[in-house]
Amino acid sequence: MKPVRLEVNGRPVAADIEPRQHLADFVREEMLLTGTHLGCEHGVCGACTVLIDGAPARSCIAFPVALDGASITTIEGLADDPLMARLREAFTTEHGLQCGFCTPGMLIMARDIVLRRPGADSETIRHELAGNLCRCTGYVGIVRAVQQVAAERIGQAAVITRGTTVPPPSYASPLALPVAPSPVAKVPEPAAAPLATPQEAIVSAEPLLNPVKLAEHFRVPAEPAAVWAFFQQPDKVIACLPGARLVAPSDGRSLEAEMAVKLGPMQAAFRGTALLAADADARAGTIRGQGVDARSASRVRAQLVYRLITAEEGRATDVHVDVAYELKGPLAQMSRGIIARDLAGRLTRSFADNLAAALAGGEPAQEVRPLDAGSLVWAMLKGWVSRLFGRG
Ligand code: FES
Ligand code: FES
């Protein structure tokens, strides 16, 4: 038995749980929340879908002992959710259920789809629902119901659900910039696009709850206007970042990128999406994104705020960067303390050197790919040892 703390449908729960007991059995048998159904118990049918920290997940292959501190929402926890009420109504009128066995999981998945994909067409909905099997309906009524509710949300910003409360997306930065008042707070909300882009649908708008915060700054020997223009070209900026690469062309509002890291025996390749917001008047911007390392199942959410400040009477630019991030999963142990700060400092210096070289029209000053974090770690270790023995 292992002591575990969870929040289930908004209620704190502390229990000693067998490591082999899966979440579906726990909520059904210990909490009597039998709205979560069990079909295959192999992660295939989707009948057991619940929300874990706001994202749909199969509770038959999730284990409470690995979820300490997580927030779980079952179908019962969404009983008073207005969007779920609307979906229930649409499922009823469109004949989206017969025996109802698949329906709780189907509804939880449907709610996530309409939140993430306002205006989704039937093909998109079928693709998104591919992991939820129904042995009765033939899916036609289910897809019609989801499409109907998704259509009603056209014009609304896409969000990823977090429990029963869906906050409006905010592009304002929670981070304090080095010089107040923060110009990034003036960055307008992106109301221009009536339909959310797929990237906006992916990136959570929720503020980071318990972020690690880092602040770095560096000087580039180039005019602020040139540095600003460079910063508006995501492909060029990514090319200066060791280990990073774009996985698709950026539209200027968002980007999809991968960042490879090797830390001794651990290898990670965080792949994810980021949204970009910029305030040209203040020469400041925000990058907000999230990514997953498929190998370790570690997840990162991050927000970066940058600001350019004129230096040396316009001949140089000071770049101030504030980063806040949350890393969850097996690699979380690497996210705090001196390792993270030292790594961030070294990455910043590599980035600054590459940026200066690129602005001068040259090749990156350092090899940018793949990120040899192993050498960074060795350099860190050597630095520590040198400092310990007074030779640093
Ligand atoms: S019971 Fe969990 S996916 Fe089928
Ligand atoms: S309604 Fe019976 S399994 Fe879907």
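The following exercises, each with a worked solution, concern a predicted model of a protein.

**Exercise 1. Composition**

Task: State how many helices and strands there are in the protein, and what percentage of its residues is buried.

Solution. 
Step 1. Begin with the secondary structure: the protein has 10 helices and 12 strands.
Step 2. Turn to burial. Of the 392 residues in the protein, 36% are buried.
Step 3. Consider the contacts with a separation of 6 or more: 63% of them join residues 24 or more positions apart.

**Exercise 2. The open sheet**

Task: Determine the order of the strands in the open sheet of 5 strands, and identify its edge strands.

Solution. 
Step 1. Read across the sheet. The order is β2-β1-β5-β3-β4, and the pairing is mixed.
Step 2. Locate the edges. β2 (residues 11-17) and β4 (residues 55-58) each pair on one side only, and they are the edge strands.
Step 3. Examine β1 and β5. These strands run parallel and are joined by 2 bridges; valine 8 has isoleucine 72 of β5 as its bridge partner.
Step 4. Examine β3 and β5. Here the sense is antiparallel, over 2 bridges, and isoleucine 52 stands opposite isoleucine 72 of β5.

**Exercise 3. A hairpin**

Task: Describe how β3 and β4 pair and how many residues lie between them.

Solution. 
Step 1. The two strands pair in the antiparallel sense over 4 bridges.
Step 2. Within this pairing, threonine 49 is found opposite arginine 58 of β4.
Step 3. The strands form a hairpin with 2 residues between them, and aspartate 53 in the turn has a positive phi of about 50°.
Step 4. A helix also belongs to the picture: α3 lies across β3 and β4, and runs at about 45° to β3.

**Exercise 4. The largest nonpolar core**

Task: Find which residues have the most contacts inside the largest nonpolar core, and which element gives the most to this core.

Solution. 
Step 1. The core has 43 residues, and Ala110, Ile113 and Val146 are those with the most contacts inside it.
Step 2. Two or more residues come from each of β1 (2-8), α1 (23-30), β3 (49-52), α2 (82-93), α3 (103-116) and α5 (140-152).
Step 3. The element that gives the most is α3, with 8 residues.
Step 4. Alanine 110 touches Leu87 and Val146, when residues up to four places away in sequence are not counted.
Step 5. Another core lies apart from this one; it has 32 residues, including Ala257, Ala274, Ile287 and Val305.

**Exercise 5. Two packed helices**

Task: Describe the packing of α3 and α5, giving the angle and the distance between their axes.

Solution. 
Step 1. Two quantities are required: packed helices are described by the angle between their axes and by the distance between the axes.
Step 2. For α3 and α5 the angle is about 35°, and the axes are 9 Å apart.
Step 3. The crossing of α3 and α5 is right-handed.
Step 4. Met106, Ala110, Ile113 and Val114 of α3 make the contact with Ile142, Val146, Val149 and Ala150 of α5.
Step 5. Sorting the residues of this contact of α3 with α5 gives 8 nonpolar, no polar and no charged.

**Exercise 6. Buried or exposed?**

Task: Decide whether each of serine 59, leucine 32 and histidine 95 is buried, exposed or partly exposed.

Solution. 
Step 1. Recall the cut-offs: a residue is buried if 20 or more other C-beta atoms lie within 10 Å of its own, exposed if 12 or fewer, and partly exposed in between.
Step 2. Serine 59, in the loop between β4 and β5, counts as buried because it has 28 C-beta neighbours inside 10 Å. Its contacts, leaving aside neighbours within four places in sequence, are His22, Leu23, Ala24, Val27, Thr36, Cys48 and Val50. Valine 27 is 32 residues from serine 59 in sequence, while their C-alpha atoms are 9.0 Å apart in space.
Step 3. Leucine 32, in the loop between α1 and β3, is exposed because it has 8 other C-beta atoms within 10 Å. Just after α1, leucine 32 takes a positive phi of about 60°.
Step 4. Histidine 95, in the loop between α2 and α3, counts as partly exposed because it has 13 C-beta neighbours inside 10 Å. Although histidine 95 is not a glycine, its phi is positive, at about 55°.

**Exercise 7. The buried residues of α1**

Task: List the buried residues of α1 and name the strands against which they pack.

Solution. 
Step 1. The buried residues of α1 are Leu23, Ala24, Asp25, Phe26 and Val27.
Step 2. The buried residues of α1 pack against β1, β2, β3 and β5.

Terms used
Residues are numbered from 1 along each chain as its sequence is written. Chains are lettered from A and ligands numbered from 1 in the order in which they are written. This is a predicted model: local features need pLDDT of at least 70, side-chain atom pairs count only at pLDDT 80 or more; totals for chains, interfaces and linings use all residues. A nonpolar core is a set of buried Ala, Val, Leu, Ile, Met, Phe, Trp, Tyr and Cys residues joined through C-beta atoms within 7 Å. Two residues are in contact if their C-beta atoms, placed from the backbone, lie within 7 Å. Axes are lines fitted to C-alpha atoms, for helices over the stretch in contact, and angles run from 0 to 180 degrees between N-to-C directions. A crossing is left-handed if the near helix is turned anticlockwise from the far one by less than a right angle, and right-handed if clockwise. Ala, Val, Leu, Ile, Met, Phe, Trp, Tyr, Cys and Pro count as nonpolar, Asp, Glu, Lys and Arg as charged, and the others, Gly among them, as polar. Two strands pair if DSSP finds at least two bridges between them.
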